[in-house]
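Below is what I looked up, in the order I went through it.

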Amino acid sequence: MTQTVAVLGTGKIGEALLSGMIRAGWHPANLLVTARRSERAAELHTRYGVDAVTNAEAAKRADTLILAVKPQDMGTLLDELAPHLTNDRLVISAAAGIPSSFIEARLASGTPVVRVMPNTPVLVDEGMSVISAGSHATPDHLAHTEEIFGGVGKTLRVPESQQDAATALSGSGPAYFYYLVEAMTDAGILLGLPRAQAYDLIVQSAIGAAVMLRDSGEHPVKLREAVMSPAGTTISAIRELENHGVRAALIAALEAARDRSRELASGNS
């Protein structure tokens, strides 16, 4: 934690990483931030005690640079960094759909790049960040990346060829659960419950189910069967889900998300 780390493009995800690093023991003196708006930079400096700098200064001072900009802004950012960045710096990309080869081609030859796909629960320290090594990244670079992103949740290493699948599952995954909660809340209202009560029942059920999945080590089928009794309410509901093809629809939806991630990675908007 004695290295200097710069977060470039400190929006919600970037700020979540910054605050997570500080909670994990990083000293603000070893952290830099950049922001498009000067008032945003001043806000981060006041809130966290970190230096707000330009992208060029971050490239000169930082040992590790975390690129947390929107995918469409990545090319411009790399053009700005390239004249100041030597290949002994680690570059971590948290931009969706941008392959490491795109970044490597625009920086000094041999620059180590690690690609990360975090998801929005990093905002509450329950994120899932999928990490892949670029052509020049070493196990030490991956470990350093895990140290950073581990402060805001769990990390998982995968080959970069699996990043599109991981994006479909965990990167977009929270939205699927929000969609399900929305639908179940509407169902609760239809069944006669006030919206607030239906929402509380569903959210706490979702939290409890997630904790059981994480901590029990049991297969989800076994946990589901523990809820179902013969000719009971749960099996009646599951039968309707199967009749309406919910399982097949979920598989098709994730395939569509994976395919769209591939399109974005290839430069097709």
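Predicted model: local features only at pLDDT ≥ 70, side-chain atom pairs only at ≥ 80, totals over all residues.

**A tryptophan to start**

I looked up W26 and found it buried, because its relative accessibility is 3% (buried means under 20% relative accessible area, exposed over 50%, partly exposed in between, with a 1.4 Å probe and protein chains only). W26 sits in the loop between α1 and β2 (helices are DSSP runs of H or I, at least four residues, and strands are runs of E, at least two, numbered from the N terminus). I also checked W26 against I148: they are 122 residues apart in sequence, yet their C-alpha atoms are 9.3 Å apart in space.

Residues are numbered from 1 along each chain as its sequence is written, and side-chain values use heavy atoms, with hydrogens and water left out.

**The cores**

Next I asked which residues touch the most other members of the largest nonpolar core. They are I66, I92, V114 and I148, in a core of 24 residues (a nonpolar core is a set of buried Ala, Val, Leu, Ile, Met, Phe, Trp, Tyr and Cys residues joined through side-chain atoms within 4.5 Å). At least two residues of this core come from each of β1 (5-8), α1, β2 (31-34), α2, β5 (90-93), β6 (113-117) and α6 (139-149). The biggest giver is α1, with four residues.

I then listed the contacts of I92, leaving out residues up to four places away in sequence: T64, L65, I66, L67, V114, V116, T145, I148 and F149 (contact means heavy atoms within 4.5 Å). Another core lies apart from the largest one; this other core has 21 residues, among them L32, A62, A95 and I103.

**Helix α1 against helix α2**

The axes of α1 (residues 12-23) and α2 (residues 38-48) come within 12 Å and cross at roughly 20° (axes are lines fitted to C-alpha atoms, for helices over the stretch in contact, and angles run from 0 to 180 degrees between N-to-C directions). The two helices are therefore roughly parallel to each other (angles under 35 degrees count as roughly parallel, over 145 as roughly antiparallel, 65 to 115 as roughly perpendicular and the rest as oblique). I noted which residues make the contact: E15, L18, S19 and I22 of α1, with R40, L44, R47 and Y48 of α2.

**Helix α7 against helix α12**

I found α7 (residues 163-171) and α12 (residues 246-265) packed at about 130°, with axes 8 Å apart. That makes α7 and α12 oblique to each other. From α7 the contact takes D164, A165, T167, A168 and L169, and from α12 it takes L254, A257, R258, S261 and R262.

**Loops**

N87 is in the loop between α4 (74-81) and β5, and it counts as partly exposed at 41% relative accessibility. Not counting residues up to four places away in sequence, N87 touches A108, S109, G110, T111 and P112.

Most residues other than glycine have a negative phi. I found a positive phi, near 60°, at D125, which lies in the loop between β6 and β7 (127-133). Phi of A231 is positive too, near 60°. A231 is in the loop between α10 (220-227) and α11 (233-243). Buried or exposed? A231 is exposed, at 81% relative accessible area.
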